[in-house]
Amino acid sequence: MGKLLTIIVVAGILSAFYFYVPVPKDLENPWIFRLTHCLTRIIHSIMYYEAKYSDVSSGVFANRLQFPMPENNNNSLTVTTTEFDGVRVILFQPNLPTTKEDQLLPAIVYFHGGGFVLGNPDVMFGVTQRMCVELQVVVASVDYRLAPKYKFPTAFEDSLKATKWLLTNAKKYSVDARKVAVAGDSAGGLLSAAVSQSVKDDSSVPDILFQALIYPSTQQIDVNLPSTQQYHAILGNKGVVCKHDMAMFIGLYAFGEFRQDYYDAFMTGTLTSREFRETSELMQYIDHDIILKSDVRSKYYIKPTSQTDNSKLWDDIKDVLLDVRMSPLLRKDMTGLPPAWIATCEYDPLRDDGILYAHRLKNDGVRVSLKNYEKGFHGVWMSDLDFVVYEQMMTDFIVFAKKYVNPK
């Protein structure tokens, strides 16, 4: 009995240490955040050891986490599963009055988040359903293939194929091809930005109406931004998405496998070569002063001083990480890209990726609406958890989108 009690106590202490996460006073719904943290820690830890110590060429267990598509109990729309050029999508279509059945509607192509490794359109069902109902638009939620089985640029290619299919077959779905927007959260935000750029460069299809980027990742070479430092100082390697998670997810997508050299360099902030940091014109797009001079918090910022010259690794990985389909922030000319709505959250290591992207767009004359939600965290864009911040974000998005899908 004594041994059993000791085991229970030790297990309890270890569990408390593993699952405990300090929560800032102004973070919304701290207990939901803690519960979300516990769930993601379990999933991410299993992924980490599976990716590190086994063959993941056929995928990881997280790819197989299936969430059944909720039933559509809303009579004002029809939900179907179909394919756009071989890519599975969930299609939300408003049920119009008989007098308007021939009306062409705007559309939004939506890309879910999950670090290119997790998730599917079913997880975002409530979000995309609400977009359809409140905006009276067709919504196509894309089920792009996941890493590590399908590495970069598969997620981008699936997303672009689905978008271009809708643009070129719009009338089949009662859509106005001149009014097709893209939207996505986290990895889906990156895909939205990259797809917008690619469509802009393709004269055979209409331009995107607008791009909505919810706490997007926009670059993969600087992991020492003020928001990353702030998150690590407050939450460490805990919470929904920490530095450890980003290293794992981006590595699995970029290379289709767990690379210890990449992971170690990411964790120490030494991904690039010294020559690149000192001479590349691309570094101007990741200028920390842009963040430090803005009105967001940078309390924990320490200017990076690493002199590490990781040139061997950098030569091996730079072609992937500098590709604008992976790092849309690094595109040299943003002129003519679609108007953007960009939402960032204060307690999110990716906060500054969104701010830097908004800065680039504005400097090149693109209309941008940027808002940082001070009580929000990465993962708050979920319809089923009753977050006040989510409601604020969705309301702000609807107001923005109506200017384009239903201009007065």
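This is a predicted model: local features need pLDDT of at least 70, side-chain atom pairs count only at pLDDT 80 or more; totals for chains, interfaces and linings use all residues.
Colleague: Which residues of helix 7 does helix 2 meet?
Modeller: Helix 2 brings Arg-41, His-44, Met-47, Tyr-48 and Ala-51 to this contact (heavy atoms within 4.5 Å).

Colleague: How do the residues of the contact of helix 2 with helix 7 divide?
Modeller: Ala, Val, Leu, Ile, Met, Phe, Trp, Tyr, Cys and Pro count as nonpolar, Asp, Glu, Lys and Arg as charged, and the others, Gly among them, as polar. Sorted that way, the contact of helix 2 with helix 7 has 6 nonpolar, 2 polar and 2 charged.

Colleague: What about helix 7 and helix 8: is their crossing left-handed or right-handed?
Modeller: Helix 7 and helix 8 have axes 9 Å apart and an angle of about 140 degrees, and they are therefore oblique to each other. A crossing is left-handed if the near helix is turned anticlockwise from the far one by less than a right angle, and right-handed if clockwise. The crossing of helix 7 and helix 8 is right-handed.

Colleague: Which residues of helix 8 meet helix 7?
Modeller: From helix 7, the contact takes Lys-243, His-244, Met-246, Ala-247, Met-248, Ile-250, Gly-251 and Phe-255. By class, the contact of helix 7 with helix 8 has 9 nonpolar, 2 polar and 1 charged residues. On the helix 8 side sit Tyr-262, Tyr-263, Phe-266 and Met-267.

Colleague: Which element gives the most to the lining of the largest cavity?
Modeller: On a 1 Å grid over the protein atoms alone, a cavity is a set of points where a 1.4 Å probe fits but cannot get out, a pocket is an open set with protein on both sides within 12 Å along at least five of seven lines, and lining residues have an atom within 4 Å of a point. The largest cavity is lined by Ala-247, Met-248, Gly-251, Leu-252, Glu-257, Phe-258, Arg-259, Tyr-262 and Tyr-263. Helix 7 and helix 8 (260-268) are the elements that give two or more residues to that lining. With 4 residues, the element that gives the most is helix 7.

Colleague: What volume does the largest cavity have?
Modeller: Grid points are joined across faces, edges and corners, and a volume is the space filled by probe spheres set on the points. The structure holds 1 cavity of 30 Å³ or more. The volume of the largest cavity is about 40 Å³.

Colleague: At roughly what angle do helix 8 and helix 11 cross?
Modeller: In this contact, Asp-261, Tyr-262 and Ala-265 of helix 8 meet Leu-313, Ile-317 and Leu-321 of helix 11. The axes of helix 8 and helix 11 (residues 311-321) come within 11 Å, and the crossing angle is roughly 85 degrees.

Colleague: Where is Pro-153 found?
Modeller: A cis peptide bond joins Phe-152 and Pro-153, with omega about 10 degrees. The bond from Ala-147 to Pro-148 is cis too, with omega near 5 degrees. Pro-148 is in the loop between strand 4 (138-142) and helix 4 (154-168). Pro-153 is found in the loop between strand 4 and helix 4.

Terms used:
Residues are numbered from 1 along each chain as its sequence is written. Side-chain values use heavy atoms; hydrogens and water are left out. Axes are lines fitted to C-alpha atoms, for helices over the stretch in contact, and angles run from 0 to 180 degrees between N-to-C directions. Angles under 35 degrees count as roughly parallel, over 145 as roughly antiparallel, 65 to 115 as roughly perpendicular and the rest as oblique.
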